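Please look over the model below. A short report on its chains, sheets and contacts follows.

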Amino acid sequence: MAKKRHVTTTINGEAAEFLCEPRQSLLEVLRDTLGLTGSKEGCNNGNCGACTVLLDGVPVDSCLVLAVEVEGAQIITVEGLASEGHLHPLQQCFLEGAALQCGICTPGFLVTAKALLDHDPAPSERQIRFELAGNICRCTGYDKIVRAVQAAGRKLQEHQREQQRT
Amino acid sequence: MDRDFNHSQVIKDPADRYQVLGTRPVRHDGVDKVTGRAVYGNDVKLPGLLHGRILRSPHAHARIKSIDTRAAEKHPGVFAVITSADFPDLRTKTAHLGEGAVDLAHLAANCLAREKVLYRGHAVAAVAARSVHDAEAALAKIRVEYERLPAVTWVLDAMADDAPLLHYNVFTDEMGRKSAKPSNISQHLHFEHGDVDKAFAGCDIVVEREFRTASVHQGYIEPHVSTALWNQDGHLKIWTSTQGAFTARQQTAELLEIPVSQVTVVPCEIGGGFGGKIAVYLEPVVALLSRKTGRPVKIHMTRAEVFEGTGPTPGSFLRVKVGMKKRKMHAAEAWLAYDAGAFPGGMIGPGCMCVFSCYDIPHARVDGYDVCLNKPKTQAYRAPGATHAAFAMESVVDEIAERLGVDPIDLRLENAAKEGTRRVDGPVYPRIGLVETLEAAKKHDHWRSRLEGPNRGRGVASGFWFNIGLKSSATVHLNPDGKVSLLEGSTDIGGTRTSVAMQLAETLGIAAADVHPQVADTDGVGYTDVTGGSRVTFATGLAAHEAGKDLIRQLCERAALIWECAPDLVRFAAGVFTHAKEKKSLTFRELAAELHETGGTITARATVDPQGATNGFGTHIVDVEVDPETGKVTVLRYTAIQDAGKAVHPSYVEGQMQGGAVQGIGWALNEEYIFDGEGRMTNPTMLDYRMPTALDVPMIDTVIVEVPNPSHPFGVRGVGETPIVAPPAAIANAIHAATGVRLRELPMSPPRVWAALEAALRREE
Amino acid sequence: MQDFEYAAPASIEEAITLLAEPGANARILAGGTDILVQLREGLRQTALVVDIKKIPELGAIAVAADGSLRLGAAVPCHRIWSDARLVAGYPAVTDSARIIGGWQIQGRASLGGNLCNSSPAADSIPALIVEKATCEIAGPRGRRQVPAVEFCTAPGKNVLERGEFVVALSFPPPEARAGSRYIRFIPRNEMDIAVAGSGVWLRLDAAGKTVEAARIALAAVAPTPVAATEAAEWLAGKPASEESWKKAGELARRVARPITDLRGPKEYRVHLVGVLVARALATAAERARGGDRDPMVPADGRPSGVR
């Protein structure tokens, strides 16, 4: 069996290190070694997005990244969305808009949507659906998810305008 | 569409005076679910946990000649290997598991195969090891000798006299009488009322059509996962993703032949079920591995295992015949053959019940067949059997409307089932809301607006699901600050802990946020049947309501103590306890604060078992565009209209309608199990089993109609299942409107639509 | 998952040495979106995974003074479709990068990987073919170039010899009055493998009314991605009209020899070739005349993966 590797990385803004076998995916290590179980395994082959994390700001399926590959990288998981006890506007809007039912796909959607809104806080409905097509939901039919992303975008723009004023 | 168009309408009952019901509080478990804190089955960690994997049959039908696990047992990291030999040898026993009787020998054999494997993916052996990787490597060392047998995967083929026989001990039950020879047909159901043949003879038009549907999976994003710890004291504790902790407990106990009291099942947060997580697969297997190893053992299925080793909905063949006298449905006949899958006991019963359920037809006859074949044992998928039946019936109704030159909604209105209508399988409807959904559809902007553009068409269809009652329990503790803890036993798949909490809050006259609901394990709350059958908001809500009444009764007694009067002089209304004769009053909160000093805190409880169906009707409207060059169907606009009785939390009722509609769209357009000639599913991945993505569907507009259910104190009807029934038919009708072509096979995938369009063109030439 | 070692060389020479390790059956890891799935399912075996993403050349996008492009083989799709120079110069390529899986896949998957996986249905290869990409290969016997159209030899197989790997894709400078497009047919609107795919490139005359030259390549309708040479050559000198696009589509069908599999029946795939080639040519012509090259909003109003 291959020897374990030592990996140093940054997860949700905090320095992190772990030992892993080369064959272990980032998803496996997040969940089983680091106790960050928010990212979920739905298919383990890149077709459902339940394991989405941001790797250097880019949404990726963590089931298709080897844990050894993230040496020196910046990773954001669902656990890193809230800050200082405040929910991210996306989390807040998902709750207020009832954009989750069973909730298993929700972490993946939140992470991808965060990347989308970071890039463009006012995406069109079509753009939201296109960028979220890699996240499968079976419960909601996507309607309330799309609306929650739109609402969160508006909230973020509001915050930005307020900050510009002060 | 008007900018002010209301995408989510609620047409309330005018008598509605509720304070909490009908509002939209944030769900109580919401923060945990948006932060990744919620503990789902695969998030459970225990010290010393071992990981398991299951070896599955590569063949669709074979006799197992031998299984040699010795090499696997010696593989590094492996702690135990089991086969069906480790299960108790069950005689033919049945257990009642809430939604129907189950043959336990069959259930055990489905968990780990006995003499035969009956479908590709059938579990054969299980390994527990230090890691999933070790377990997987060990599977390759298990030697199974198979004697392959011919396989059959189409329901009509399986009914033929010369079809490969799956079970030597399954006979056709023909309304109580068993056939002489064993058969793949395990049941023939027959329902009839009126004089059908005479009635058909007297009809002006008769339309008879045949339909086919493929196997389709519930598609929950979370695979099955269970962890068991069979402790040295003999107590078995299981953490599992299940729609019913009590049914999982009972099934597991029965299969392992231990008393139910020896088993505790903890229902983890569940990542979807839709009916597919009621039967157990993993629970007894991890239990046996835990007993053998003395350690906790977890198995988490892979996605391929979910497709090949759990329970899709039946594929089916349906023939529906309807005869009209002027604009009235006068006679109807249905012949339905549904997959049971590898073991008998499929969804044919509900299919028969639902096929004519939306209409008042004086003469009707239904024959239904439950057929064993070499596919995974079928399980419920949201209104099991009804979608198939509605696809057939609603297409025929659409064809009749066209032939008569009648608006399809008007034709339905003129024949709609109402209070007092008798269904072909016997029940007479109490107050129901089908007509109201049709009227709302007729008035809706979607139906009234013009659909412009070539290759576009609009379709409508109605759907029904009976919904069930069954048993639920609730326990309520009152805290000194007036807030209550609610323990209930219904796994929360879609926000029900909140809809149940809201009903308790309404009963007590407090805010929804003042209730802290939890889904308890089988030790923590009384018996509760599955989260299924659209029963939770109805039945567990009823339990919470009754527990609330018990709490008020006990509080009245306590107030009587404080006021030194007889308990019958204490009244409770609008959150306040008052003395009937003297000017004394205490608010709910004030009384709660007094409890500790006056005898201690109060716990209230209730168990309910409401009988009868709550009858959910829906009508869906869809606009599609068909690309004639590729056969691809794009859903342009969708409106789902449904009678919810009373929408406790409208956002979550809308969510059920939208989710069910999109599952129905997937079923209609792209989802199917594709089998090769050897009975193997060729597409067991989410790449090639094509569920809708966000880009494949538009917004799903909703209208909730409230026609109160007479059998519930707040008028609640089940809502979860009805929304999946109408979509394939509505879409088929829309495709017809767009192209003139009727498709009668699901899915209506692009190559099929294109072939149908080409065939129509050739006929014209 | 099978057990393997992992190495991340910092140079091409180091990678070549690692790939030569005897008995390791070493495999290249770029984005991992194909290889990790295959290793997990046991479709391929390896004892050593060689991660080439730390080699600077493999991740570089370099546009030379003459306008030619050298695209590192491991550059992930999201960097390709978000690069304005690539969108402007090689829109068929950016179209294909925009629709290989969803956003998460595009965050990792590379065109080098898509090429070397050599699926007949690969979305990027028809685009590479019509944009006249050359594959730069490095190996124990030095460097060599292979035109993209010659790279794949059979389903899952290509011209790479033991120890070789693709380090970059080179493209000639974009031409004036030229446009290109890649579209595919899938049953959903995203996340599917192509049932049929079509990449086209053409150049119009100064008036924008006649086709001067064209190239057409197809995905998922033959054992490898395949060029529809007859159809492309027929277009030279023809009017830039819907009639021409349809006729070219019909001619292109002649090179299609698909199988029936779970992605579609063969007659249907042959039919789709005609439809897709005609539609792709119409957009390519619009782009040649200055129309929108953004893969999200091309001239015919539909993103590459839709319809």
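## A sheet in chain B

Helix H13 (residues 434-443) of chain B lies across E1, E21, E29, E30 and strand E31 (700-705) of chain B, and runs at about 30° to E29(B). Helices (H or I, at least four residues) and strands (E, at least two) are DSSP runs, numbered from the N terminus. Axes are lines fitted to C-alpha atoms, for helices over the stretch in contact, and angles run from 0 to 180 degrees between N-to-C directions. Two residues are in contact if their C-beta atoms, placed from the backbone, lie within 7 Å.

This is a predicted model: local features need pLDDT of at least 70, side-chain atom pairs count only at pLDDT 80 or more, and totals for chains, interfaces and linings use all residues. Residues are numbered from 1 along each chain as its sequence is written, while chains are lettered from A and ligands numbered from 1 in the order in which they are written.

The 5 strands form an open sheet in the order E1-E31-E30-E29-E21 (chain B), with mixed pairing. Its edge strands are strand E1 (8-11) and E21 of chain B, each of which pairs on one side only. Neighbouring strands of this sheet are turned by 15° against each other on average, direction ignored.

Strand E29 (residues 616-626) of chain B has 10 of its 11 residues buried, so it is largely enclosed by the rest of the structure. A residue is buried if 20 or more other C-beta atoms lie within 10 Å of its own, exposed if 12 or fewer, and partly exposed in between; C-beta atoms are placed from the backbone.

E29(B) has two pairings to follow here. Two strands pair if DSSP finds at least two bridges between them.

| Strands | Sense | Bridges |
|---|---|---|
| E21(B) (residues 456-465) and E29(B) | antiparallel | 10 bridges |
| E29(B) and E30(B) (residues 633-643) | antiparallel | 9 bridges |

Gly457(B) has Val624(B) as its bridge partner in E29(B). Toward E30(B), the bridge partner of Thr619(B) is Ile641(B). Gly618(B) stands opposite Gln642(B) in E30(B). The hairpin of E29(B) and E30(B) has 6 residues between the strands, and Gly631(B) there takes a positive phi near 80°.

## Domains

Domain bounds come from an automatic or database domain assignment. Chain B is divided into domain 1 (1-17 + 430-465 + 614-765) and domain 2 (472-608). Their C-alpha centres lie 39 Å apart. The contact takes 17 residues from domain 1 of chain B and 15 residues from domain 2 of chain B. On the domain 1 side, helix H18 (residues 650-669) of chain B gives the largest share, 3 residues.

Chain C is divided into domain 1 (1-52) and domain 2 (178-288). The C-alpha centres of these two domains of chain C lie 35 Å apart.

Chain A has 5 helices and 5 strands. Along the sequence, the pattern is β-β-α-β-β-β-α-α-α-α. Of the 166 residues of chain A, 64% count as buried. The C-alpha trace of chain A spans about 55 × 40 × 25 Å along its principal axes.

The contact takes 24 residues from chain A and 24 residues from chain C. Strand E3 (52-55), strand E4 (58-61) and helix H4 (125-131) of chain A each supply at least two residues of the side that touches chain C. E4(A) gives the most to that side, with 4 residues.
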